[in-house]
Amino acid sequence: MATAGVQEARIPPLTSTSEPPPLFDGTTRLYISYICPYAQRVWITRNYKGLQDKIELVPIDLQNRPAWYKEKVYPENKVPSLEHNGKVLGESLDLVKYIDGNFEGPSLVPSDPAKKEFGEQLISYVDTFTKELYSALKGDPIQQASPAFDYLENSLGKFDDGPFFLGQFSWVDIAYVPFVERFQLVFFEVFKHDITEGRPKLAAWIEELNKINAYTQTRGDPKDIVDLFKKRFLAQQ
C-alpha cells in the first residue's frame, strides 16, 4: 500500500489544440476530467490499488475537448475511459470492477457473500441516489435530499469491522463518495446546511474517507465545484 500515498502533480488538461498521446503503444491510460465525479471513481481506484506507475492519467478539458479523443479514442466522447491492451473501455463502475479484477493491489470487491450481496444492492441504488440529489436542487433541496442521505446513514454500520459500507473500504464507497463530496460542499456553501447533522455514521464515514490519500488526492477544488453547481444547476436560485 506504500504507493497509494504517492503525491502526483496535476498536469494541465488536454484541450482542442493538444496533440494526442502515442495511442495504442502498449501504455495503459485512464482518460479523466478533474471535475467529473464519474471519472473520479476510477481515479480513486487506480490510486488505491497503487497503480500510479501502471496506469497513466490523461486529463481532458471537457469544455474544450480535443477532436481526436472522440475520433480515435472513445467515440462516446465521455470520461472516464481506459485504454488497455489495444482496446478502450468506458462506464465508471464497469471500469472500477475491470481495474480491480485485472490489476494488482488490494481488492475492492469483497469475496464474503453477505458483503457482496449488500454491495450489489447499494450499487444498484447509486443512480437513483444521484438523480434524487440533483432533482432536489430544483425544489426544496434540504427536505427533498433528506431521504437520500438517510439511506446512506441507514446503510452504514451493517458490518462492524470498519466504518465503510461493507466494513472495509470497497468499490461501494468509491461509487458514492464523489457525489457526497460535491453535495456536502454545495449544501453547506449555498444552503448553509450540514448533511451530517443527525447522521453520525455518515459523518464518521466522511471523516474516515478523508484519511485515505488515494481519495483525497482526487478531490476537486471546492470553489470550482460550487461555481459549477451555481452555473449549471442553481442558475434559477
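Which residues line the second largest pocket? The legends below answer this and describe further close-up views of the structure, which is a predicted model.

**View 1. The second largest pocket and its lining residues.** This pocket holds about 230 Å³ of space. The residues that line the second largest pocket are Pro13, Ser33, Tyr34, Ile35, Ile60, Asp61, Leu62, Gln63, Asp227, Leu228, Lys231 and Arg232. Sorted by class, the lining comprises 6 nonpolar, 2 polar and 4 charged residues.

**View 2. The largest pocket and the residues nearest its centre.** The volume of the largest pocket is about 530 Å³. Its lining is made up of 25 residues, and Cys36, Pro37, Tyr38, Val79 and Pro80 lie nearest the centre. In this lining, 14 residues are nonpolar, 3 are polar and 8 are charged.

**View 3. Helices that contribute to the lining of the largest pocket.** At least two lining residues come from each of α1 (37-48), α3 (92-102), α4 (113-136) and α9 (222-232). Helix α9 provides the largest share, with 4 residues.

**View 4. The contact of helix α6 with helix α7.** Two packed helices are described by the angle between their axes and the distance between the axes. The axes of α6 (residues 171-191) and α7 (residues 200-209) come within 11 Å and cross at roughly 105°. The two helices, α6 and α7, are therefore roughly perpendicular to each other. On the α6 side, Asp173, Tyr176, Val177, Val180 and Gln184 take part, and they meet Trp205, Ile206 and Leu209 of α7. The residues of this contact comprise 6 nonpolar, 1 polar and 1 charged.

Notes:
Residues numbered from 1 in each chain as written. Predicted model: local features only at pLDDT ≥ 70, side-chain atom pairs only at ≥ 80, totals over all residues. Heavy atoms only, no water. 1 Å grid on protein atoms, 1.4 Å probe; cavity = no way out; pocket = protein on both sides within 12 Å on 5 of 7 lines; lining within 4 Å. Points joined across faces, edges and corners; volume = space filled by probe spheres on them. Nonpolar A, V, L, I, M, F, W, Y, C, P; charged D, E, K, R; others polar. Axes fitted to C-alpha atoms, helices over the stretch in contact; angles between N-to-C directions. Parallel < 35°, antiparallel > 145°, perpendicular 65-115°, else oblique. Contact = heavy atoms within 4.5 Å.
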